[in-house]
Amino acid sequence: EGVGPQDYTIIKLEVITAPGTQLPAALEQYRDQKKGLYLAAATLRPETMYGQTNCWVQPDGEYGAFEVSTNGDVFICTERSARNMCYQGLSPEHGKVSKVCDLRGWDLIGLALRAPNAMIETVYVLPLLTVSAAKGTGVVTSVPSDAPDDFRGLQDLKEKPALRQKFGVKDEWVLPFEPVPIIDTPDFGPLAAVTACEQYKVQSQNDRDALAKAKEEVYKKGFYGGVLTVGPHKGESVEKAKPIIRDEMLAAGQAVAYAE
Ligand code: A2H
């Protein structure tokens, strides 16, 4: 980390605004509009999007909704990242940020999303305390099969009703969701993050040392030795499939390139 620019892929997680769905008051104006409203999740692993089960925000984090796209789309992300996007060809006017409203992480919890490439039809926004507002967009897409942070975050919410209650998380946003096997990883098998969290005895999302070890192993073995087991690139190595899937998502308008 910290060496040179990081090339992220921003995944456009579409906020479902159908009548009756939850939406912050400041965004009610988008309910019946043709404009797309998206949570903008920054990832380094676009080839893992088949395994999304939810999306993470920092509950105390400061976010906003911004017109940062050249086609009228509105992105929910940190202001810092919206500013960066405006210098990367994502603003109608170079360098100009157009803010629709301020939002708190708390406001976003429970939003229903359609996540590109996910095998689950509707996923929800949930709180993760370790999400940093200073990195990426402050919005993280959750792939508990292959990211130890994501697996432990989901398990914490599942196992601790008090944690769900504290953040107003409904059971139905969490309890039905299980990690989806998408990559076969040497030594770790089809659910690498789950196996690694067991092996390294990760107890909670705040168990930083154990999580760091699990992450290092899973990322190394998954990225360089993993093979996709789902989707149109099934059977392909993760390393080879990553740039191909990224380009496909960019071309389909499901994602945009972002660097910082
Ligand atoms: B990755 P780097 Cl399956 N706070 O996406 C905390 N974590 C953040 C973040 C933030 N503000 N922004 C992005 N991230 C996560 C998928 C994934 C990721 C998998 C496996 C590994 C992996 C699903 N979550 O990351 O510190 C995002 O999680 C391995 C490094 O900027 C993003 O990619 O290097 C990754 O951390 C970016 O980490």
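**Exercise 1. The overall build**

Task: Find how many helices and strands the protein has, and judge how compact it is.

Solution. Start with the secondary structure: the protein has 7 helices and 12 strands. Next, take the radius of gyration, which is 17 Å and close to the 18 Å that the globule rule gives for 260 residues, so the protein is as compact as a globular protein of that length. Keep in mind that you are looking at a predicted model. Along its principal axes, the C-alpha trace spans about 50 × 40 × 35 Å. Now turn to burial: 47% of the 260 residues are buried. Finally, look at contacts between residues with a separation of 6 or more: 71% of them link residues 24 or more positions apart.

**Exercise 2. A strand and its partners**

Task: Work out why strand β1 is described as largely enclosed, and which strands pair with it.

Solution. First, count the burial. A residue is buried if 20 or more other C-beta atoms lie within 10 Å of its own. In β1, residues 7-15, 7 of the 9 residues are buried, so the strand is largely enclosed by the rest of the structure.

Then go through the partners one by one:

- β12 (residues 255-259) pairs with β1 in the antiparallel sense over 5 bridges, and here Ile10 has Val256 as its bridge partner.
- β2 runs antiparallel to β1 and is joined to it by 6 bridges; Lys12 stands opposite Ala40 of β2.
- β7 (residues 112-114) is also antiparallel to β1, with 2 bridges, and Arg114 is the bridge partner of Glu14.

**Exercise 3. The nonpolar core**

Task: Find which residues of the largest nonpolar core touch the most other members.

Solution. Now zoom in on Ala41. Leaving out residues up to four places away in sequence, Ala41 touches Ile10, Ile11, Leu13, Cys55, Thr137, Val139, Val140 and Thr141.

**Exercise 4. Around the ligand**

Task: Describe the shell of residues around the ligand by number, class and origin.

Solution. Step one is the count: 20 residues surround the ligand, and the closest are Thr43, Lys135, Gly136, Val143 and Ala147. Step two is the class: the shell has 7 nonpolar, 8 polar and 5 charged residues. Step three is the origin: β2 (37-43) and β9 (139-142) each supply at least two residues. Of the elements, β9 gives the most, with 3 residues.

Technical notes. Residues are numbered from 1 along each chain as its sequence is written. This is a predicted model: local features need pLDDT of at least 70, side-chain atom pairs count only at pLDDT 80 or more; totals for chains, interfaces and linings use all residues. A residue is near a molecule or strand if its C-beta atom, placed from the backbone, lies within 6 Å of it. Helices (H or I, at least four residues) and strands (E, at least two) are DSSP runs, numbered from the N terminus. Ala, Val, Leu, Ile, Met, Phe, Trp, Tyr, Cys and Pro count as nonpolar, Asp, Glu, Lys and Arg as charged, and the others, Gly among them, as polar. A residue is buried if 20 or more other C-beta atoms lie within 10 Å of its own, exposed if 12 or fewer, and partly exposed in between; C-beta atoms are placed from the backbone. Two strands pair if DSSP finds at least two bridges between them. The radius of gyration is taken over C-alpha atoms; the globule rule is 2.2 Å times the number of residues to the power 0.38. Two residues are in contact if their C-beta atoms, placed from the backbone, lie within 7 Å. A nonpolar core is a set of buried Ala, Val, Leu, Ile, Met, Phe, Trp, Tyr and Cys residues joined through C-beta atoms within 7 Å.
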